[in-house]
Amino acid sequence: MKIFGRVRHRPSPTWRQATDRAFSLIDDGRYEDAGALLTRAADLEPWLSESWYNLALLHKFRHDWTQARIAGLRAVALLDRPAGAPDWWNLGIAATALQDWPLARRSWQAYGLRLPAGTAVRGGEESVRLPLGSAAARLSPEGEAEVVWGRRLDPARIEVLSIPLPSSGRRWGEVVLHDGVPHGERATEGAAGGAVYPVFDEIELWAPSPVPTWLVLLEAAEESDRNALERLAAEAGYAAEDWSSSVRLLCRTCSESRMPTDDGSSTTRDPHDHGEPGHPGHLSHLSPGSEDVPWSPERECGIAAPAALVHGLLDGWVADSPDTRDWRDLEEVC
């Protein structure tokens, strides 16, 4: 084999055995043992980009971003194709986690994405901003997963625009780092066949939100009364979400497939809510306006707003129509 990649050769059987065993251990969560095997594989075949790509993947799973960047850089240095390699994508995730914007920009461009000019931030660095539209994020994918709506800021980050339930430990307005490959889809209905949005699994919290989450019980005579509160919160720069109608439980299989965003809106039992007792499925936030059930005036509502604002927001909502609106039992839950 020529050192600089002009001639490729197949890795040795020992390399393959070590690598295959390592990924079996990764599936079992045995990252330390897998790391020893992948390090051995890299020692056996140091001129294979796959050796370093596999190590970079392991470090990503462990959220060891410094080591993921080191291994990722070695992997891309040995690539024999100019663009589109997943090595660059994983390196972009590691660089984003570390806020290494020059490397993130280089990685996305090498993968094949066209980026606008960077935005200057502290220290003279350039943040990557590539608005990619709406998407959904699966928070805590290995635990009590919850699918929320958000806005993609770049190839590896989503800003959460739903109000997550307190069990998730997440807040409205937080930014989460996500994996590159979608794990499920959400489809909306429309005259032209509707739109399809990817669901990305969260890797970790990238930027926390200072805005607390509140739970409040509303008395809203009509759907328009509920909508008025959501509109008031949005106009104030924050959010309100009627959890009574926006959240449903899906089994894992349905959550990770293509789901119409308004499934489960009928008065009968949701056909996708078939998690087994003791093995809950995934919580999923519906798209706005997708519910279609008989209206019940009592609603459980989540509000994302500062403590100094939330009482005034609710009181102002009631004052606009005191005969049809009321609230009680306000509690900060996250």
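Of the 334 residues of the chain, 48% count as buried, where buried means under 20% relative accessible area, exposed means over 50%, and partly exposed lies in between (1.4 Å probe, protein chains only). The model is predicted: local features need pLDDT of at least 70, side-chain atom pairs count only at pLDDT 80 or more, and totals for chains, interfaces and linings use all residues. Residues are numbered from 1 along each chain as its sequence is written, and side-chain values use heavy atoms, with hydrogens and water left out.

**The chain as a whole**

The chain has 10 helices and 15 strands. Helices (H or I, at least four residues) and strands (E, at least two) are DSSP runs, numbered from the N terminus. Among contacts in the chain between residues at least 6 apart in sequence, 62% join residues at least 24 apart; contact means heavy atoms within 4.5 Å. The chain exposes about 16500 Å², of which carbon and sulfur atoms supply 51%. Accessible areas come from the Shrake-Rupley method with a 1.4 Å probe, and for residues only the protein chains shown count as cover.

**Selected residues**

| Residue | Relative accessible area | Class |
|---|---|---|
| Arg325 | 12% | buried |
| Trp47 | 43% | partly exposed |
| Cys301 | 1% | buried |
| Cys334 | 19% | buried |

Arg325 lies in strand E15 (residues 325-332). The side chain of Arg325 makes a polar contact with the side chain of Asp225 at 2.8 Å, and the side chain of Arg325 also reaches the backbone oxygen of Trp317 at 2.9 Å. A polar contact is a pair of N or O atoms within 3.5 Å; within protein, one must be able to donate a hydrogen and the other to accept it, and residues adjacent in sequence count only if both atoms are side-chain atoms. Not counting residues up to four places away in sequence, Arg325 touches Glu219, Asp225, Ala228, Trp317, Val318 and Asp320.

Trp47 is found in the loop between helix H2 (31-44) and helix H3 (49-62). Although Trp47 and Leu78 are 31 residues apart in sequence, they are 6.8 Å apart in space, C-alpha to C-alpha.

Helix H6 spans residues 101-111, and its buried residues include Trp101, Leu103, Trp108 and Ala110. Just after H6, Gly112 takes a positive phi of about 125°.

**Cysteines and disulfides**

A disulfide is a covalent bond between the sulfur atoms of two cysteines. A search of the whole structure finds 0 disulfides, the criterion being a pair of cysteine sulfur atoms within 2.5 Å.
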